[in-house]
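Let's take a walk through this protein together, one stop at a time.

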Amino acid sequence: MARIDLANIRHVYGPGADGEPQYALRHVNQAFETGGSYALLGPSGCGKTTLLNIISGLVRPTEGRVRINGDDVTDRPTEKRNIAQVFQFPVIYDTMTVRQNLEFPLRNRGVAVSEIKRRVDQVIEMIGLGALAGRRARGLSADEKQKVSLGRGLVREDVNAILFDEPLTVIDPEVKWTLRTQLRELQRRSGMTMIYVTHDQTEALTFASGVVVMHEGQVLQVGSPKDLFEKPAHTFVGYFIGSPGMNVLPTRVDGASLRLGEYMAPLSSAPRLRGSPKLELGIRPEFVRLAAEGIPATIERIDDIGRHRIVRTRMLGHAVTAILQEHEQIPADPHIFFEPEGVHLYADSWRVDLSGKQTP
Ligand code: ATP
């Protein structure tokens, strides 16, 4: 198991339509600690697969270095990096049985027969294909094949890391949840370094202890699910994580308060700002209350989703979403109140901490 360091990584596949270099990764510095479980999370095209392929060696970065346990492996091919990778679609041998497919990576490396049996039995149980172990892969369904592919990634114990590129896309939703839970347990028990690419926040938040949120070729924030929820470092993180995402409204700073039109939202202290950045107030719908006093609002829509209600309002010309618990009343003449602990200030999209520092 290993620590992986990416230093000053940039990657260009080729020029864009305007002839200028199109950066798939703009500037990435990122450490993956030994035994950590990470998710690379972001919308389609943000550079997740490129980053994963740079770690495994399938793609050589245009700039920057990749280190595994301190060794510079940037110029080493994939097979010299000792990394297992599981792709979105099955990569297996159709003419081999399920068991033979799983044995293959171990036989190739001269692992003892008894050890091969022990490992393969374990993995077969985990992926739930015991009844099909003797069947040729050719006859399996798409999700059974993908489970075999997943098993091939998990069967070696000596790898530096296991990389998963949206491995559960073709798997049935019910089974997906079980497999993800098992993967997480395996990661915790074995202490393997795992990096999991997904654009699904539930998948990322339930699998990883470190979620790496990416957008347009950059890492915006790395944190626990709690960090991403409570202190989104960038307005995009606030918007992308959470359902519905964070409300973002134009604001001005007035001493230790944020000003919205003629109304004020208090801050715990006065921020110190450099230059004249674009200022925005961010507040998650969970911290928006509908009260008898506050900023006047009109209700545009209410979605009752059982556990709570999502209330879409308009306030000072802006859309503001609130999440209300079932017992909370909606006043006849609604006003909006922001719970102070949920109010964040953003300067040019980055969160300002109240000592005045911008992140990062
Ligand atoms: P997805 O979730 O859709 O797989 P992603 O976040 O994994 O997206 P990448 O596949 O890494 O993103 O792509 C990042 C950018 O690089 C995109 O603009 C994509 O079009 C471009 N790109 C990726 N692979 C290539 C390639 N082989 N040649 C040219 N451009 C590429």
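Helices (H or I, at least four residues) and strands (E, at least two) are DSSP runs, numbered from the N terminus. What is the phi of E216? The value is near 45 degrees, which is positive although the residue is not glycine. L316 has a positive phi too, near 50 degrees, and is likewise a residue other than glycine. You can find L316 in the loop between β18 (308-315) and β19 (318-325). These spots deserve a glance because most residues other than glycine have a negative phi, and most peptide bonds are trans. On the peptide bond side, S243 and P244 are joined by a cis bond, with omega at about -5 degrees. P244 belongs to the loop between α8 (235-240) and β11 (247-250).

A word on what you are viewing: the model is predicted, with local features needing pLDDT of at least 70 and side-chain atom pairs counting only at pLDDT 80 or more, while totals for chains, interfaces and linings use all residues. Residues are numbered from 1 along each chain as its sequence is written, and side-chain values use heavy atoms, with hydrogens and water left out.

Now step back to the whole chain. An automatic or database assignment gives domain 1 (4-235) and domain 2 (242-352). Their contact (heavy atoms within 4.5 Å) takes 10 residues from domain 1 and 12 residues from domain 2. Between them, about 1,000 Å² is buried, 59% of it from carbon and sulfur atoms; buried area is the accessible area (1.4 Å probe) that two parts lose on being put together, summed over both. F229, P232 and T235 supply 53% of what domain 1 buries against domain 2, more than any other three residues.

Our last stop is the ligand. Which atoms of the protein lie by oxygen atoms of the ligand? A backbone N or O atom of C46 lies 3.1 Å from one, a polar backbone atom of G47 is 3.0 Å from one, and a polar side-chain atom of K48 lies 2.9 Å from one. Taken alone, the ligand exposes 630 Å², and the protein buries 53% of that, by the Shrake-Rupley method with a 1.4 Å probe.

Conventions
A polar contact is a pair of N or O atoms within 3.5 Å; within protein, one must be able to donate a hydrogen and the other to accept it, and residues adjacent in sequence count only if both atoms are side-chain atoms.
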